[in-house]
Amino acid sequence: MTKRVLVPIDGSRQSTKALEHALTEFEDADIEVLNVIDPIDVGYSSTVGMPGYSEEWYEDSKENAERLFEEAQELADEHDATLSTATELGRPSQVIVEFADENDFDQIVMGSHGRSGVSRILLGSVAETVVRRSPVPVTVVR
């Protein structure tokens with residue numbers, strides 16, 4: 001029986017479907033949603049070199065994560081569930097795997113593709129890496 005489930009969210013339709021799946025399939029589990037702030041998302045066309053921009057970008061990213069958590073909790077409310085939340089900084093696939101391992105999760109449920117990033121034929125690059133490296137079972141929701 002799964003007791004702790006990690007659901008990475010990024011605002012994509014697939015991550016919402018993954019959360020819906022976790023809430024439905026693991027009704028009695030403790031579910032934690034994780035948003036990973038990826039510094040690479042800043043991109044080369046940004047004004048990162050300008051003074052204060054990196055702090056502004058990071059604050060905007062944290063506010064976006066809080067918005068995602070509110071939306072996730074609204075969905076969880078429909079299932080009479082309460083979610084735990086976490087925000088981490090780094091490369092999403094690496095952070096998800098390390099977070100799951102360090103926090104004793106029993107299962108990861110994630111979308112097949114995120115809102116950004118390079119898509120592969122069957123899985124997004126983040127999902128594929130998590131599936132390959134995860135210390136726990138991973139359910140990929142399409």
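## Exercises on a predicted model

Five of the five residues of β4 are buried, so this strand is largely enclosed by the rest of the structure. Buried stands for under 20% relative accessible area, exposed for over 50%, and partly exposed for what falls in between (1.4 Å probe, protein chains only). Helices (H or I, at least four residues) and strands (E, at least two) are DSSP runs, numbered from the N terminus.

The model is predicted: local features need pLDDT of at least 70, side-chain atom pairs count only at pLDDT 80 or more, and totals for chains, interfaces and linings use all residues. Residues are numbered from 1 along each chain as its sequence is written, and side-chain values use heavy atoms, with hydrogens and water left out.

### Exercise 1

Task: work out which residues of β4 lie on each side, and which strands pair with β4.

Solution. 
- Step 1. Gln107, Val109 and Gly111 are on one side of β4, Ile108 and Met110 on the other; all are buried, and both faces are covered.
- Step 2. Two strands pair if DSSP finds at least two bridges between them. β1 and β4 pair in the parallel sense over two bridges, with leucine 6 opposite isoleucine 108 in β4.
- Step 3. β4 also pairs with β5 in the parallel sense, over four bridges. Here methionine 110 stands opposite valine 140 in β5.

### Exercise 2

Task: identify the members of the largest nonpolar core that touch the most other members, and the elements that contribute to this core.

Solution. 
- Step 1. A nonpolar core is a set of buried Ala, Val, Leu, Ile, Met, Phe, Trp, Tyr and Cys residues joined through side-chain atoms within 4.5 Å.
- Step 2. The largest has 21 residues, of which Val7 and Leu19 touch the most other members.
- Step 3. Two or more residues each come from β1 (4–8), α1, β2 (30–37) and α2 (53–77). The largest share, six residues, is given by α2.
- Step 4. Apart from this core lies another, of 15 residues, among them Leu34, Phe105, Met110 and Ala127.
- Step 5. Contact means heavy atoms within 4.5 Å. Leaving out residues up to four places away in sequence, valine 7 touches Ala18, Leu19, Ala22, Ile31, Glu32, Val33, Leu34 and Val109.

### Exercise 3

Task: find the salt bridges and state how exposed each partner is.

Solution. 
- Step 1. The rule asks for a side-chain nitrogen of Lys or Arg within 4 Å of a carboxyl oxygen of Asp or Glu. The count comes to three.
- Step 2. Glutamate 32 and arginine 4 form one of them, with the closest N and O atoms 3.4 Å apart. Because glutamate 32 lies in strand β2 and arginine 4 in strand β1, the pair ties together parts that are 28 residues apart in sequence. Glutamate 32 is buried at 11% relative accessibility, whereas arginine 4 is partly exposed at 26%.
- Step 3. Lysine 62 and glutamate 59 form another, at 3.6 Å between the closest N and O atoms. Both lie in helix α2, three residues apart, about one turn of the helix. Lysine 62 is partly exposed at 32%, and glutamate 59 is partly exposed at 38%.
- Step 4. Glutamate 128 and arginine 132 meet at 2.6 Å, N to O. This pair lies in helix α4 (residues 125–133), four residues apart, about one turn of the helix. Glutamate 128 is buried, with a relative accessible area of 15%; arginine 132 is exposed, at 65%.
- Step 5. Ala127, Glu128, Thr129 and Val130 of α4 are buried. Their cover includes α3 (92–102), β4 (107–111) and β5 (138–141).

### Exercise 4

Solution. 
- Step 1. Serine 15 lies in helix α1 (residues 13–25) and is buried at 4% relative accessibility.
- Step 2. A polar contact is a pair of N or O atoms within 3.5 Å; within protein, one must be able to donate a hydrogen and the other to accept it, and residues adjacent in sequence count only if both atoms are side-chain atoms. The side chains of serine 15 and aspartate 10 are joined by such a contact of 3.2 Å. A polar atom of the serine 15 side chain is also 3.0 Å from the backbone oxygen of serine 12.
- Step 3. Aspartate 38 lies in the loop between β2 and α2 and is buried at 13% relative accessibility. The side chain of aspartate 38 reaches the backbone nitrogen of isoleucine 40 at 3.0 Å.
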